[in-house]
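Please look over the sequence and the model shown below before reading the points that come after. The briefing is grouped by topic.

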Amino acid sequence: RQRRQKRALLRAVATTVSSHIPSMETERLATLDEPFAPKEAKQLSTHGDIRVDEFYWLRDDSRKSKKVLEHLRAENEYTQAVLAGTSKLQEALYQEMRGRIKEDDESVPERLHGFFYYTRNVEGLQYKIHCRRRVSPSAGAPTESDKVDQTQPEEVLLDENRRKEEGKHTFYMVGAMETSPDQTLLAFAEDTVGGERFVLRIKDLASGAEIMEGIKDTSGDVEWANDNKTIFYTVKDSLDRPYKVLRHEIGQPASSDAVVYEEKDESFYVGIGKSRSEKCIFIQAGSAVTSETMFIPADAPHMPPVVVLPRKQDVEYSVSHRGEHFYITIRDAARTNSELVVAPMASPQQQTVLLPHDPKVKLEGVSLSQHFMAVFDREGGLQRARVFTLPKDGAAPTAPLDARTATQVDFDEPAYSLGGSGTGDFDSPLLRLGYTSLTTPSSVIDYNMGTGARMTKKEQPVLGGFDKTLYTTERLWATSHDGTKVPVSIVYRKGVAKLDGSAPLLLDGYGSPEISKDPH
């Protein structure tokens, strides 16, 4: 208690003393008692390897250890005491950063199964409101210029602010949130503690009532089968590792849920997903450099999972579905930049190479739709998107794709960050791109893969007078000590920055295998 009173007194004194007097600040800091975590050796054995962790006692998954909580309180009090003289500056910085954020905001709607789905943020509220409006009966096929019909009533699917307030929670986070195939039910996972163990719930969207008792201790993933009554979800083990997939049928007790898959290898984590075609439920198991994918027909949820390609050490692959084929992106020692193959669902080992491995181009992923395939790759360190037209009637290509037939999505700026995927229903021609650069705030662009037309649906507002036309971005190349060319993205204000090498420079860099620091 005396120590806390001492720190409180010092904080009060610090706010009245000018922080530009170094000697006084040094003396003040010297009077503070810095908390130190005591060492308590604990021997741990894994795979025959024994190690000693002297701070294992700080692990408290229950968040209830009196000893741990006391130490954390002491650390927080010490931090507050050290920074006491900067309280006004902290508040000024906070207000400036908050002042540049548009709090009253809305996401770009996604047109899916007869609705436009979107989220809203309301000024003064911390959490999202998930909504939808019906697509107008007079609307045509999806295009890049689609707009929400504001005369259609807004339906609030989930108001996170209301859930937090009604539950009187001090913490609130939503994991996965998926509507049933017939769009009448909403499955969502919520964490009200902060331990990332979610309670899975299902509500009737017409009445707003929850129709089952929440399933506790899930990892937050959920996917619907196509019968509108069966869901798949994952749970964690004692080490917080998602390791098991279960199947639940609405109307049945959770205690009767069937175990669909359990991962025994503690180095592998398990996740679930649904193909854009909505025909397959995928179960993915992956470690640092190895992965395996299984599938269950979404129309037959009680069938056991089938392995696409057997697990092999140091081989990673991901799977997409279209028609009667899997499109598989594979990375291994011989194909470090990955290549794309297509194979029959009934015989995934019978593969046709569509995009062969290229030592100069890293294949980052593909997104399939009924008529097109978008390919995301990286050449010379720069991301790009290309679009291929696929054979009609769901047939698969029978030979490697000719790069000359692809349409590349071009951008004016020399350096940028790019990502995206198909959006909406599987037969939609739209590719939704996320784009940003050192001068352009985060933007959402809808690109029509059939016509090549595009429209910027949103550029994130930056309040406070920001004008991107006042800045220029460039992409340069620096030669490393071993001759390697390293791309460098720069940004500067027009007419202000001196480009003769005399201007100050803030340099930010990062290096890690397969991790690029893209400009944003």
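What follows treats strand pairing, an open sheet, and contacts of aromatic rings in turn. The model is a predicted one, and every value below is computed from it.

- Strand S12, which spans residues 230-236, has 7 of its 7 residues buried, so the strand is largely enclosed by the rest of the structure.
- Thr 230, Phe 232, Thr 234 and Lys 236 point one way from S12, while Ile 231, Tyr 233 and Val 235 point the other way, and all are buried; in a regular strand, side chains alternate between the two faces of the sheet.
- Strand S11, covering residues 215-224, runs antiparallel to S12 and is joined to it by 4 bridges, with Phe 232 in S12 as the bridge partner of Glu 223.
- The hairpin of S11 and S12 has 5 residues between the strands, and Asn 228 takes a positive phi near 65° there.
- Strand S13, made up of residues 242-249, pairs with S12 in the antiparallel sense over 7 bridges, and in this pairing Thr 234 stands opposite Val 245.
- S12 and S13 likewise form a hairpin with 5 residues between them, in which the turn residue Asp 240 has a positive phi of about 70°.

**The open sheet S15-S16-S17-S18**

- An open sheet is formed by 4 strands in the order S15-S16-S17-S18, with antiparallel pairing.
- Its edge strands are S15 (269-274) and S18 (306-307), each of which pairs on one side only.
- Strand S17, residues 291-297, pairs with S18 in the antiparallel sense over 2 bridges, and Met 294 stands opposite Val 307 in S18.

**Aromatic rings and charges over them**

- The count of aromatic pairs comes to 8.
- One of these joins Phe 115 and Tyr 117, whose ring centres are 5.9 Å apart and whose planes are at 55°, so the pair is tilted.
- Phe 115 has a relative accessible area of 5% and is buried, and Tyr 117, at 14% relative accessibility, also counts as buried, because buried means under 20%.
- Phe 411 and Tyr 416 form a tilted aromatic pair, with 5.2 Å centre to centre and 55° between the planes; Phe 411 is buried at a relative accessible area of 17%, and Tyr 416 is buried at 6%.
- The charged end of Arg 132 sits over the ring of Phe 115, 3.9 Å from its centre, and the charged end of Arg 454 sits over the ring of Phe 411, 5.3 Å from its centre.
- Phe 282, Phe 295 and Phe 326 form one aromatic cluster.

Conventions. Residues numbered from 1 in each chain as written. Predicted model: local features only at pLDDT ≥ 70, side-chain atom pairs only at ≥ 80, totals over all residues. Heavy atoms only, no water. Buried < 20%, exposed > 50% of the residue type's maximum accessible area, 1.4 Å probe, protein only. Pairing = 2+ DSSP bridges. Phe/Tyr/Trp six-rings, centres within 6.5 Å; stacked < 30°, edge-to-face > 60°. Lys NZ or Arg CZ within 6 Å of the ring centre and 35° of its normal.
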